[in-house]
Amino acid sequence: MKQYIQPGADIHLIVTSVKEVKLTPVRDAFTHVFGRATVQGIGVQSSVAPQPVGFEAGFKGAGQRIETLRRQNAVRQEQAVVSIENFIAELVPDMWFDIAYIILQDPLNKIELHLFTQAVPIPIEYVYQARERTPTDYPLKSSGFLVTIGEILHAQLPFINPEDWHERVCGTSRREIIYNTVKSLAYMYRQRLSRQ
């Protein structure tokens, strides 16, 4: 478990990941909106493919991570949790995009918020390569591909971080993309809390 603490925190959140690319933007966005925040990361797996394909796989992956933490009693049942699941989708024919689905669940205050990040275009040849490298008998094939778009890019351009290839493709890092969306999420959350 990785921990990020701001002294005298006003808010405490769990993120369903220990990856910097997710933790840092969540911590920074909530600190920006609330002034102070404690954000802890707990790594948890979902039962979707490493490269989720489609909105349903994105929803399922993010939601399962939260459910698993609660089922395993890794967090208190009333704990506010944020989960982020990147997935790819064909939004128009032959045009694929990477999108992150972000959910915040706060059972104590009966708040649940859902947002999507900006869609980052993916060259279609990378999607074809990920599909081709996924065996036909792969057990999670119904939810996506065995190989991620980041891994495909990293194999061709080793200097690219497979966790954050977005800047190379669209000029904005994955961290910035997540930060901008989570800042909106944090603002919406603060508004909902203030009405209670």
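Predicted model: local features only at pLDDT ≥ 70, side-chain atom pairs only at ≥ 80, totals over all residues.
Residues are numbered from 1 along each chain as its sequence is written, and side-chain values use heavy atoms, with hydrogens and water left out.

So, the overall picture. The protein chain has six helices and nine strands; these are DSSP runs, H or I of at least four residues for helices and E of at least two for strands, numbered from the N terminus. Its radius of gyration is 17 Å, close to the 16 Å that the globule rule gives for 196 residues, so the chain is as compact as a globular protein of that length. That radius is taken over C-alpha atoms, and the globule rule is 2.2 Å times the number of residues to the power 0.38. The C-alpha trace spans about 50 × 35 × 30 Å along its principal axes. Of the 196 residues, 51% count as buried. Buried means under 20% relative accessible area, exposed means over 50%, and partly exposed is in between, with a 1.4 Å probe and protein chains only.

What does the record say? An unreviewed UniProt entry carries the annotation "domain: Non-canonical purine NTP phosphatase/PRRC1", covering residues 18–130. Positions from UniProt are given in the numbering used here, feature names are shortened, and annotations may be inferred rather than shown by experiment. Over residues 18–130 the chain is 35% helix and 35% strand, with the end C-alpha atoms 25 Å apart.

Now the aromatics. A search of the whole structure turns up ten aromatic pairs. One of them is Phe30 with Phe34, which is stacked, at 5.8 Å centre to centre with 10° between the planes. For the rule: rings of Phe, Tyr and Trp (its six-membered ring) pair if their centres lie within 6.5 Å, and planes under 30 degrees apart count as stacked, over 60 as edge-to-face and the rest as tilted. Both Phe30 and Phe34 sit in helix H1 (residues 20–34), four residues apart, about one turn of the helix. Are they buried or exposed? Phe30 is buried at 0% relative accessible area, and Phe34 is buried at 18%.

Next, Phe55 and Phe59 make a tilted pair, 6.4 Å centre to centre with 55° between the planes. They are four residues apart in helix H2 (residues 55–71), so about one helical turn separates them. Here Phe55 is partly exposed at 33% relative accessibility, and Phe59 is partly exposed at 37%. Ring pairs link Phe55 and Phe59 with Phe87, Tyr101 and Phe116 into a cluster.

Which residues make the nonpolar surface patch? Phe55, Phe59, Leu91, Val92, Met95 and Phe116 do, over about 500 Å². H2 and strand E5 (81–92) are the elements giving two or more residues to that patch. Met95 is in strand E6 (residues 95–106), and is partly exposed at 44%. For the definition, patch residues have over 30% relative accessible area and no salt bridge, with like charges joined within 9 Å and nonpolar side chains (Val, Leu, Ile, Met, Phe, Trp, Tyr) within 5 Å. Areas come from the Shrake-Rupley method with a 1.4 Å probe, and for residues only the protein chains shown count as cover.

Last stop, charges. Side chains of opposite charge can pair when their charged atoms come close. A salt bridge here is a side-chain nitrogen of Lys or Arg within 4 Å of a carboxyl oxygen of Asp or Glu, and the count comes to six.

Among them is Arg27 with Asp28, at 2.9 Å, N to O. Arg27 is buried at 18%, while Asp28 is partly exposed at 22%.

Then there's Arg65 with Glu85, closest N and O atoms 2.8 Å apart. That pair links distant parts of the chain, with Arg65 in helix H2 and Glu85 in strand E5, 20 residues apart. Arg65 is buried at 12%, and Glu85 is buried at 5%.

Finally, Glu163 bridges to Arg174, with the closest N and O atoms 3.6 Å apart. Glu163 lies in the loop between helix H4 (149–156) and helix H5 (166–170) and Arg174 in helix H6 (residues 174–194), so the pair ties together parts eleven residues apart in sequence. Glu163 is partly exposed at 32%, whereas Arg174 is buried at 8%. Salt bridges that share partners join Lys19, Glu163 and Arg174 into one network.
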